[in-house]
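This briefing is meant for a reader who is meeting the structure for the first time. It begins with the contacts around the ligand and then turns to the protein as a whole.

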Amino acid sequence: MLRNHFETEHNLFRDAFRAFLDREVVPHQDEWEEAGVVDRSVWRKAGEMGFLLPWAEEEYGGTGLKDFRYEQIMCEELAAINEPGFMIPLHSALCGPYIAEYGNAEQKARWMPGIIRGESILAVAMTEPSAGSDLAGMRTTAVDKGDHFVLNGSKVFISNGLLADLVIVAAKTDPANKHAMGLFVVERGMEGFERGRNLKKLGMKSQDTAELFFNNVKVPKENLLGDAKGGFFYLMNMLAQERLTNACGAVAGAEAALNATVDYVKERKAFDRPVAHFQNTRFKLAEMRTQIDVAQVFTDRCVMDHNQKKLIPEVAAEAKLFTTELLCKVVDEGVQLHGGWGYMWEYPICRMYANARIQRIFAGTSEIMKEIISRGMKL
Ligand SMILES: Cc1cc2nc3c(=O)[nH]c(=O)nc-3n(C[C@H](O)[C@H](O)[C@H](O)COP(=O)(O)OP(=O)(O)OC[C@H]3O[C@@H](n4cnc5c(N)ncnc54)[C@H](O)[C@@H]3O)c2cc1C
């Protein structure tokens, strides 16, 4: 289905970003996958090109492009090349906004330029070994000591966990109130801040996902974002944009998986004819084509609503639920239509399958999305 969602300036941005990926990312994907982490230098190159936080104000080095379609384009192009490790959306559309939204003028002046230049890589640390979906169950604490807080606890599954220079850490600030938490910017090198191993995963091999440990870390008051008890609200507030980001990448990932499958079934022969000619193949592909088109229209509409600040959390949850479930279905059917070759790492569909699975889990599981949606239905 032809999309009428982008203007000329978006298409030019897409061309520039795609050229950047072809030049600076695609040639390194195998090497990063092997290393379990992308090269830090690619972040600086992306910063030089203006691809990090393009929405940020010019005074910090941004370009002021306050239109989520630019973020959407980057999600789509990263999904199209199936690069899970170089998480620009995490840096630009998830973590950066916490600082822009809840940071004060001094904090923004201190951090934003380095973040935009790709010198300070970001991560957000909410999940703990015993608390993921139930964020209020986290155990990491921050105790007020006058001019600083003392942080104790640990986090797990943190994306950019090894590369991150600034980690936005959620920690409890009032033992009497389980929803009272603060967001603290923990900087590389702070005493007592340790990183664990790069966790071995089913997919997303080029992404450094790590455990983080905080042992009596002294975090100056100047590193607290907003109110010391408002963190839970800040997290909930930002999750709609995070989920929209997931949706943008998931539809594009489904499209890429469909394309790879179509190419394969046209070439591959069984019983003296292309696999594409079996009715089962054509029907499966037709179903996927239809569902991806429908998902794309819905996602594009959510992006436009978000641009107008009208995207409500329930609808963002619908977008994440529908598109990530669809992605997983498409990659699974894709592997099936590739036969045994679909199970081989050398085939893109195999990597797409492995990378896709987490989409139904992180940024809130499909079950949590259903909770959010049904809560909105006031049942
Ligand atoms: C590769 C990767 C990267 C990640 N990156 C980050 C990151 O950068 N920062 C970060 O903070 N976290 C990150 N996460 C963590 C991720 O967001 C959590 O794993 C996710 O939110 C689920 O939490 P959990 O793993 O504790 O599962 P649990 O909460 O233990 O859930 C287990 C099961 O119970 C179900 N469940 C839980 N509650 C309910 C309920 N109320 N109703 C019905 N079912 C329920 C869940 O849906 C799931 O099926 C990442 C995880 C992975 C694997």
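**Ligand and overall form**

In this predicted model, a backbone N or O atom of Met-126 lies 2.8 Å from an oxygen atom of the ligand. The protein covers 65% of the 970 Å² of accessible area that the ligand has on its own.

**Contacts with the ligand**

- A backbone N or O atom of Val-124 is placed 2.9 Å from a nitrogen atom of the ligand, while a backbone N or O atom of Gly-132 is found 3.2 Å from an oxygen atom of the ligand.
- There are 17 residues around the ligand, and those that come nearest are Met-126, Thr-127, Ser-133, Thr-365 and Glu-367.

**Make-up of the shell**

- When the shell around the ligand is sorted by class, 10 residues are nonpolar, five are polar and two are charged.
- At least two residues of the shell are supplied by each of strand S1 (122-125), strand S3 (148-159) and helix H11 (366-376), and the largest share, three residues, comes from S3.
- Because domain 2 (123-229) and domain 3 (233-376) both give residues to this shell, the ligand lies between them.

**The protein as a whole**

- The secondary structure of the protein consists of 11 helices and 10 strands, and buried residues account for 55% of its 379 residues.
- The C-alpha atoms fill a box of roughly 75 × 50 × 40 Å along the principal axes.
- The radius of gyration of the protein is 21 Å, which agrees with the value near 21 Å that a compact globule with 379 residues would have.

Key:
Residues numbered from 1 in each chain as written. Predicted model: local features only at pLDDT ≥ 70, side-chain atom pairs only at ≥ 80, totals over all residues. Heavy atoms only, no water. Near = heavy atom within 4 Å. Polar contact = N/O pair within 3.5 Å; in protein donor to acceptor, adjacent residues only side chain to side chain. Areas by Shrake-Rupley, 256 points an atom, 1.4 Å probe, with all protein chains shown as cover. Helix = DSSP H or I, 4+ residues; strand = E, 2+ residues; numbered from the N terminus. Nonpolar A, V, L, I, M, F, W, Y, C, P; charged D, E, K, R; others polar. Domains from an automatic or database assignment. Rg over C-alpha atoms; globule rule 2.2 N^0.38 Å. Buried < 20%, exposed > 50% of the residue type's maximum accessible area, 1.4 Å probe, protein only.
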